[in-house]
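Student: I would like to learn how to read contacts between side chains. Could we go through them together, one kind at a time?

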Amino acid sequence: MFDGYSCLPCVFSEFVGAVNRNFEEKKDRERAMRTFFDHMARADYDQSPPELVAESHRVIRSILGIEDPYREIKEAFNDKMLARYGEFKDLVESAEDPFDMAARLAVAGNIIDYGPGKPFDVDKTLRRVLSEKFAVDEISNLKTAVAEAETILYLGDNAGEIVLDRLFIETMAHPNLWFAVRGKPVINDATACDALRVGMDKAAKVIGNGHDAPGTLLDHTSAEFRELFEKADLIISKGQGNLESLWGKTQKPLYFMLMAKCDLVAGHLGVENGDMVVTGHRP
């Protein structure tokens with residue numbers, strides 16, 4: 001359904017950006033490029049995008065000699081969005097439907113993504129969610145599902161974005177909600193350190209999924225995470241990577257919340273690239 005070959009342009013673009021940020025000398029950049037492309041020439045392009053990106057980022061970390069190449073970027077976006085938390089909270093509290101507003105802001109936060117290797121504008125995206133209709137809008141159905149669920153597992157995506165996830169979770173006010181992050185650093189995806197930095201532990205129970213893919217590859221996650229995944233009666237999934245790794249892979253009731261950032265995902269959802277989506281899914 002989703003294959004890594006289709007994602008190669010983004011993988012390469014994102015790698016070039018990482019190399020340019022971390023190496024100043026042309027010879028060092030060229031050496032990094034040759035090492036990376038030698039590995040990618042032998043990669044399995046039939047694996048899912050999150051699997052291919054996880055593999056490519058292990059190579060990137062090895063080449064750079066840095067465990068978390070995006071650490072400073074993640075911290076900057078966490079702090080920048082956290083500094084505006086009061087502004088976002090005022091929007092939610094003054095809205096006619098606070099749940100709907102918080103959900104829309106959470107989707108807008110999904111723009112903070114270095115995976116596609118393209119520039120993004122957070123403020124422009126926030127303005128869009130206040131004025132435009134979502135291409136697929138099942139927020140009211142999600143609200144009902146939240147009210148009926150005993151245990152909710154919320155799958156986070158990117159650093160910075162998780163500030164708006166926190167606000168949405170606080171607005172839900174559910175007594176048994178878990179927030180999942182990546183088990184190890186990959187791109188600018190959120191880890192436990194990021195969740196703690198933005199105070200997510202005050203709004204939800206935080207759990208790492210035990211893996212370094214920018215998605216949720218259930219077969220590779222920890223036993224603790226899989227147990228919680230099976231126990232939860234509602235899964236809320238943020239971002240493309242979680243969608244690419246979970247669509248059609250589980251019978252659990254799922255709601256996907258994301259901005260479509262590529263033609264492949266947009267076409268799969270029947271929307272346009274750049275559209276915002278909240279959609280329920282059960283195979």
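Student: What kind of contact do the side chains of Arg42 and Asp38 meet in?

Tutor: Keep in mind throughout that this is a predicted model. As a general idea, side chains of opposite charge can pair when their charged atoms come close. Here the side chains of Arg42 and Asp38 meet in a salt bridge, with 3.0 Å from N to O. With a relative accessible area of 59%, Arg42 is exposed, whereas Asp38 is partly exposed at 44%.

Student: How many salt bridges does the structure hold?

Tutor: The structure holds 20 salt bridges, and one of them joins Arg71 to Glu75 at 3.3 Å, N to O.

Student: Which parts of the chain does the pair of Lys74 and Asp194 link, and are the two residues buried or exposed?

Tutor: The side chains of Lys74 and Asp194 form a salt bridge of 3.3 Å, N to O. This pair links distant parts of the chain, since Lys74 lies in helix α4 and Asp194 in helix α10 (residues 192–197), 120 residues apart. Both Lys74 and Asp194 are buried.

Student: How should I read a pair of aromatic rings?

Tutor: A pair of aromatic rings is described by the distance of the centres and the angle of the planes. The count in this model comes to eleven aromatic pairs. Among them are Phe12 and Phe36, whose ring centres are 6.4 Å apart and whose planes stand at 85 degrees, over the 60 degrees that the label requires, so the pair is edge-to-face. It links distant parts of the chain, with Phe12 in helix α1 (residues 8–22) and Phe36 in helix α2 (residues 26–40), 24 residues apart. Phe12 counts as partly exposed at 24% relative accessibility, while Phe36, at 0%, counts as buried.

Student: Which residues do ring pairs link into a cluster with Phe12 and Phe36?

Tutor: Phe15 and Phe37 are linked with Phe12 and Phe36 into that cluster.

Key: Residues are numbered from 1 along each chain as its sequence is written. This is a predicted model: local features need pLDDT of at least 70, side-chain atom pairs count only at pLDDT 80 or more; totals for chains, interfaces and linings use all residues. Side-chain values use heavy atoms; hydrogens and water are left out. Rings of Phe, Tyr and Trp (its six-membered ring) pair if their centres lie within 6.5 Å; planes under 30 degrees apart count as stacked, over 60 as edge-to-face and the rest as tilted. Helices (H or I, at least four residues) and strands (E, at least two) are DSSP runs, numbered from the N terminus. Buried means under 20% relative accessible area, exposed over 50%, partly exposed in between (1.4 Å probe, protein chains only). A salt bridge is a side-chain nitrogen of Lys or Arg within 4 Å of a carboxyl oxygen of Asp or Glu.
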